[in-house]
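Reader: I am new to this structure and would like to know what stands behind the terms used for it. Please show it and take the terms in turn.

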Amino acid sequence: MCGIVGYVGSRYALPIVMEGIKRLEYRGYDSAGFATLTEDGMVVRKSAGRVSVVESVLPDLDQATKEATTAMAHTRWATHGAPNDENAHPHCDSSGKISLVHNGIIENYHSLRTYLEKEGVTFESATDTEVLVQLVGHLYKGNLEQAVREALLQVDGTYGIAVLSSQEPGVIIAARRGSPLIIGVGKDEYLVASDAAAIVEHTNQVIYMSDNEIARVTASGFSMTNLDAMPVTKELSDLELSLEEIELGGYEHFMLKEIFEQPKSLEDCLRGRIDLKNGEVHLGGLRDCARELIRAKRFIFSACGTAWHAGLVGEYLFEDLARIPTETEYASEFRYRNPIINDGTVVLSISQSGETADTMAAMNEAKERGALCLGVVNVVGSSISRNTDAGVYLHVGPEIGVASTKAFMGQLAVISLIAAYLGRRRHMSQAASAEYLRALNGVPAQISKLLDQADRAKAIAEAYVHRDNWLYLGRGYNYPVALEGALKLKEISYIHAEGLPAAEMKHGPIALITEGMPVVVIATDGMQYGKIVGNIEEVRARGGHVIAIATEGNTEIESLAKHTFYVPDIAEPLQPLLTVVPLQLIAYHAAVLRGCNVDKPRNLAKSVTVE
Ligand code: G6P
């Protein structure tokens with residue numbers, strides 16, 4: 001969603017906040033803006049388009065503005081109001097003395113706006129955010145923090161905000177409910193940000209704000225209170241993030257970098273967690289609830305998007321290896337459909353960002369109903385990770401490309417580990433567990449080998465990039481991979497694609513197949529190989545072109561498919577870790593060939609912090 005960065009200190013603030021929002025552009029990128037304070041008052045610039053559009057005005061600013069030491073900036077992903085200049089943040093109150101940037105949704109903005117209009121306030125934008133800053137302005141009586149607090153007490157919805165006032169120079173008021181916000185602690189300088197990537201260049205000491213907290217931040221320190229104005233004590237945390245990790249490092253796009261990073265990030269994810277000798281899995285984050293987990297009667301995986309696909313693989317793994325009834329739910333559906341949580345139900349939330357609003361709300365709902373809540377999350381210190389009862393981090397490093405790749409891989413790996421951990425304690429023999437873990441441990445090397453043939457994926461993309469409809473088919477463990485392959489293609493190349501369990505094709509989608517239609521079939525060796533060959537024949541009989549993902553050594557497939565991408569041999573439960581990689585590469589090359597912005601696809605955001 002939207003990105004927020006604020007700075008107060010002794011250095012020139014604008015270059016710092018602009019560099020910060022450039023690093024957050026992956027969170028939202030339809031418009032951007034900044035506000036800064038000089039002796040003459042508030043300076044605000046904003047416009048539709050990328051951060052670079054706003055950045056281009058910097059050289060023309062007057063010297064006092066360039067030298068200002070307090071500023072904030074914002075990059076937007078539109079919810080209320082079109083992505084144009086007026087709706088870009090920061091928004092100001094009618095006096096022009098208070099400005100505000102916001103990530104989230106003010107749900108009762110309509111009634112607040114009607115009230116303020118009756119009070120004589122005129123609005124310049126169609127956003128919910130302007131309502132909030134106008135309310136702050138309306139309530140302001142000489143104390144910005146107090147006015148923000150009073151305004152927030154009237155607000156329904158979610159927010160991460162930063163607020164400046166020309167009447168209180170050198171002060172940033174920050175507050176959060178439901179949208180992430182951290183305070184970076186430097187030497188005689190402080191930063192406010194929605195995401196650590198924006199500030200890691202300046203400090204690795206941070207305070208994670210919690211819901212309903214308000215911070216008053218100045219160059220000499222900060223104070224934190226809750227909405228009732230009671231002081232809150234916070235602890236400093238270390239950021240586990242380095243600048244190199246969030247830079248391109250010679251790759252053309254973050255997505256490509258992250259695809260190629262997968263052998264290394266998977267090693268990082270598995271490190272120290274596998275004991276091959278004893279066929280054991282060590283997951284420190286689950287130690288405290290091990291007994292409850294072993295006795296669990298049912299698991300529910302809750303997630304959105306790519307993480308939901310990882311959950312679906314997990315459902316197969318948990319039932320297969322640990323013999324625990326498991327369901328995978330869209331978090332957005334789970335939270336609103338009166339779910340049944342019995343004694344022994346464990347809800348496991350999967351999320352790269354740890355900030356997805358629906359996933360977090362579903363987890364809170366499950367908690368209220370008494371479920372043990374686990375998290376499988378990548379971003380350390382994120383909201384979901386801090387609100388679960390226990391969990392396992394992915395440790396795959398920051399993922400910047402909007403289309404998730406290495407995080408999906410990490411999610412698959414962590415869920416595979418948890419399945420073996422539980423399986424070993426319930427049904428798996430030591431030998432079976434050791435064999436499975438040995439195979440999992442070998443996956444990073446197999447991915448490296450597979451990436452050596454990345455050019456094959458490019459050739460496949462070149463052959464079919466002009467086609468507007470693709471199908472992706474898989475069975476068993478590879479059915480969720482078919483869904484993920486189709487999603488990757490859709491989100492970054494804007495080609496319509498549908499993923500299906502292969503046998504379902506004949507119940508409708510087969511009608512779509514015409515001469516030359518690309519149909520990607522995951523046809524790796526395994527129990528259902530014979531069946532999938534049958535599906536391939538059905539596609540061929542209708543003129544479809546089969547792009548097969550097959551196991552090395554299978555020569556039969558070449559006579560059936562127009563194109564084949566081979567993956568190394570591995571046990572079926574672990575195949576998704578390999579079969580997804582060619583699909584990531586095909587989607588990447590298709591997007592590049594179509595001239596799409598791979599890392600910032602239209603209408604999408606990396607982390608969806610609104611419902
Ligand atoms: C967004 C992203 C997807 C991601 C989904 C869930 O829609 O564009 O790539 O899979 O959110 O995100 P999470 O951070 O919860 O894994």
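Reader: What makes the crossing of H4 and H5 left-handed?
Author: A crossing is left-handed if the near helix is turned anticlockwise from the far one by less than a right angle, and right-handed if clockwise. The crossing of H4 and H5 is of the left-handed kind. This is a predicted model, in which local features need pLDDT of at least 70 and side-chain atom pairs count only at pLDDT 80 or more, while totals for chains, interfaces and linings use all residues. Residues are numbered from 1 along each chain as its sequence is written, and side-chain values use heavy atoms, with hydrogens and water left out.

Reader: Why is H4 called oblique to H5?
Author: The axes of helix H4 (residues 109–118) and H5 cross at roughly 45° and come within 9 Å. Angles under 35 degrees count as roughly parallel, over 145 as roughly antiparallel, 65 to 115 as roughly perpendicular and the rest as oblique. The angle therefore makes H4 oblique to H5. Axes are lines fitted to C-alpha atoms, for helices over the stretch in contact, and angles run from 0 to 180 degrees between N-to-C directions. Helices (H or I, at least four residues) and strands (E, at least two) are DSSP runs, numbered from the N terminus.

Reader: Which residues of H4 and H5 meet?
Author: Contact means heavy atoms within 4.5 Å. Tyr 109, Leu 112, Arg 113, Tyr 115 and Leu 116 of H4 meet Asp 128, Val 131, Gln 134, Leu 135 and His 138 of H5. By class, this contact of H4 with H5 has 6 nonpolar, 2 polar and 2 charged residues. Ala, Val, Leu, Ile, Met, Phe, Trp, Tyr, Cys and Pro count as nonpolar, Asp, Glu, Lys and Arg as charged, and the others, Gly among them, as polar.

Reader: Which strands does H5 lie across?
Author: Helix H5 (residues 128–139) lies across E5, E6 and E7, and runs at about 140° to E6. Helix H6 (residues 144–152) lies across E6, E7, E8, strand E12 (213–218) and E13, at about 145° to E7.

Reader: How do you know that E5 and E13 stand at the edges?
Author: Two strands pair if DSSP finds at least two bridges between them. The open sheet of 6 strands has the order E5-E6-E7-E8-E12-E13, with antiparallel pairing. E5 and strand E13 (221–226) each have a single partner strand, so one side of each is left without a neighbour in the sheet.

Reader: How many bridges join E6 to its partners?
Author: Strand E5 (residues 91–92) pairs with E6 over 2 bridges in the antiparallel sense, and His 91 has Leu 100 as its bridge partner in E6. E6 is joined to strand E7 (residues 159–165) by 6 bridges, also antiparallel. There Leu 100 stands opposite Val 163, and Ile 98 has Ser 165 as its bridge partner in E7. In the hairpin of E5 and E6, with 5 residues between the strands, Gly 96 takes a positive phi near 75°.

Reader: What joins E7 to E8?
Author: E7 and strand E8 (residues 172–177) run antiparallel and are joined by 5 bridges. Tyr 159 has Arg 177 as its bridge partner in E8, and Gly 160 stands opposite Arg 176. Between these two strands the hairpin has 6 residues, and Gly 170 takes a positive phi near 75°.

Reader: Why is E6 called mostly covered?
Author: Buried means under 20% relative accessible area, exposed over 50%, partly exposed in between (1.4 Å probe, protein chains only). In strand E6 (residues 98–103), 6 of its 6 residues are buried. Ile 98, Leu 100 and His 102 point one way, and Ser 99, Val 101 and Asn 103 the other.

Reader: What makes both faces of E7 covered?
Author: On one side Tyr 159, Ile 161, Val 163 and Ser 165 are buried, and on the other Gly 160, Ala 162 and Leu 164 are buried too. That is 7 of its 7 residues in E7.

Reader: Why is H17 called oblique to H21?
Author: Helix H17 (residues 454–464) and helix H21 (residues 575–593) pack at an angle of about 50°, with their axes 8 Å apart. That angle makes H17 oblique to H21. H17 passes H21 in a right-handed crossing. By class, the contact of H17 with H21 has 9 nonpolar, 1 polar and 2 charged residues.
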